[in-house]
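Let's walk through this structure together, one question at a time. Have the sequence and the 3D view at hand as you read.

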Amino acid sequence: MNIKHSTYHRALEITENICIGCSHCIKVCPTEALRVFGGKAGIHADWCIDCGECYRVCPTRAIRVMDDDFNKIFDYKHRVLLVPSVFFAQFSESVPRESIYNIIGELGFTEVCAVEQSVDSLIDEINEYVKIEEKPVISSFCPAVIRLIQVRFPSLVDHIMKLLPPIEITAQYYKKRFERDGISDNDYGIFYLTPCIGKIAAVKSPVGGYTSPIHGVLNMDYFYNKVYLAYKQRIPITKTIIINSELSSKGVLFPTTGGESSHIKGKTLAIDGMKNVIDFLEMLENEEIKNVDFLEIRACDESCAGGILSHRNRFLTADSLRSIASKIPDTHNLVDKYKNYCSAVVHMDKIEPRSMVKYDRDIEIAIKKMENARELKLMFPGIDCGACGAPSCEALAEDVVRGQADINACIFLRTIFEKRGEITIKEAIKIMEEIWGKERFDKND
Ligand code: SF4
Ligand code: SF4
């Protein structure tokens, strides 16, 4: 069964020789994009929304983040690192910010900039946008939520705000600044330190007819360890770095739950955590949510403080962000510059639903297959045991109709067919081996 399509950029990959086929991942995927076959998990890349839920539960670290190689930064003369405020909240307050900047310079960057510098001007743009657009407006901040809506809630796609998130506005600011200073495209590299894999996919494969000026995305967990080790070892600082740390308290708190919605006029709600998000989007789709102007919806529990590449406990990270914000002013000196630079580039084009092409591109064939899948599902026990390698009985029925699985993959139906003499024990074992891998059966004799 080949389920590794590649229409969209994938931020995760499964290392087959590490995967033990335990099926923990298939149970948590919000789009049922995973299957176990031949004793190994595989991702339906076109259905994956890069939320990282599977990465969190994999007991063997078989799921790998497809970030950029750190050494890519040395392809450029001017190397800017865009750092989210969540990164600073990974460290205890006893670690001086100055030391962190100096180490980033020592590691090879020539300039460092706070990502959320663009938040102050973006908030004004969002308020203007919400005034005129159809309600509720759904924030475009969380890339996993945008993709979830594209895949599972296509009727809500038009509610997604067509304004770029802070990371892209800050990157555009740098691009324009380099252009203004006459620095050629080949000479500067803009890199982003991400707490989340969704943002890797969002930079490499953006929505809304947009091309990101970001040259590479680095894994925050990996980078944190590198910086912390250098700090502990007290590495000597020999290089200088330009520090662009202008940031307001609004910017620091923007990636936390409520950090965006609290600045938007009208009735707003903030929802975080994948399960809450799905429950809420179902209610929204069923028109059970009324009279709301703006929805801040984030896939991770505690928003970016709970990003999967965040090293520290999410509650401590969020608390640290609040503490940092309480010590700085509510605005900063570059707000006007951002307004001048970015007002022309803050908008995205229309965002399209992402078709999962569940059955067939031909609508008549698709409807027929859908009916077949519905009938087939009734034959299965409905307990979603996962022994077939699919996340649910419904998913197995769909796989069978698509020709990607055998009806006998269901352990319950197989037992009945065996009793009736419709398949032999040998055939039944062969099916088990196909799902769970020959190795496992040999090992267990
Ligand atoms: S990243 Fe999310 S959507 Fe993609 S396979 Fe993992 S759990 Fe499923
Ligand atoms: S959680 Fe998924 S990827 Fe990880 S070992 Fe189990 S089956 Fe393999």
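Q: Which residue is the bridge partner of Leu81 in S8?
A: This is a predicted model, and in it strand S5 covers residues 78-83 while strand S8 covers residues 188-194. The two run parallel and are joined by 5 bridges. In S8, Leu81 has as its bridge partner Phe191.

Q: In what order do the 5 strands of the open sheet stand?
A: S5 and S8 are joined by bridges, and both belong to an open sheet with parallel pairing. Strand S9 (216-219) and strand S10 (242-244) each have a single partner strand, so they stand at the edges. From one strand to the next, the twist averages 20 degrees. Read across, the order is S9-S8-S5-S6-S10.

Q: At about what angle to S9 does helix H9 run?
A: Helix H9 is made of residues 220-232. It lies across S5, S8 and S9. Relative to S9, the helix runs at about 65 degrees.

Q: Which residue in S12 does Ile138 stand opposite?
A: A further open sheet has 3 strands in the order S7-S12-S11, again with parallel pairing. Its edge strands are S7 (137-138) and S11 (268-272), each pairing on one side only. S7 pairs with S12 (residues 294-298) over 2 bridges. Opposite Ile138 stands Leu295.

Q: How many charged residues are in the shell around ligand 1?
A: The residues surrounding ligand 1 include Cys29, Cys48, Cys51 and Cys54, along with Asp50 and Glu53. By class, 8 residues of this shell are nonpolar and 2 are polar. The charged residues number 2.

Q: And how many residues of the shell around ligand 2 are nonpolar?
A: Among the residues around ligand 2 are Cys19, Cys22, Cys25 and Cys58, as well as Ser23 and His24. This shell has 4 polar residues and no charged ones. Its nonpolar residues number 8.

Q: What radius of gyration does the protein chain have, and why does it agree with a compact globule?
A: The C-alpha trace spans about 80 × 55 × 40 Å along its principal axes. A compact globule of 445 residues would have a radius of gyration near 22 Å, so the value for this chain agrees. That value is 24 Å.

Q: What percentage of contacts between residues at least 6 apart in sequence join residues at least 24 apart?
A: The chain holds 18 helices and 12 strands, and 55% of its 445 residues count as buried. Among contacts between residues at least 6 apart in sequence, the share joining residues at least 24 apart is 80%.

Definitions and conventions
Residues are numbered from 1 along each chain as its sequence is written. Chains are lettered from A and ligands numbered from 1 in the order in which they are written. This is a predicted model: local features need pLDDT of at least 70, side-chain atom pairs count only at pLDDT 80 or more; totals for chains, interfaces and linings use all residues. Side-chain values use heavy atoms; hydrogens and water are left out. Two strands pair if DSSP finds at least two bridges between them. Helices (H or I, at least four residues) and strands (E, at least two) are DSSP runs, numbered from the N terminus. Axes are lines fitted to C-alpha atoms, for helices over the stretch in contact, and angles run from 0 to 180 degrees between N-to-C directions. Contact means heavy atoms within 4.5 Å. A residue is near a molecule or strand if one of its heavy atoms lies within 4 Å of it. Ala, Val, Leu, Ile, Met, Phe, Trp, Tyr, Cys and Pro count as nonpolar, Asp, Glu, Lys and Arg as charged, and the others, Gly among them, as polar. The radius of gyration is taken over C-alpha atoms; the globule rule is 2.2 Å times the number of residues to the power 0.38. Buried means under 20% relative accessible area, exposed over 50%, partly exposed in between (1.4 Å probe, protein chains only).
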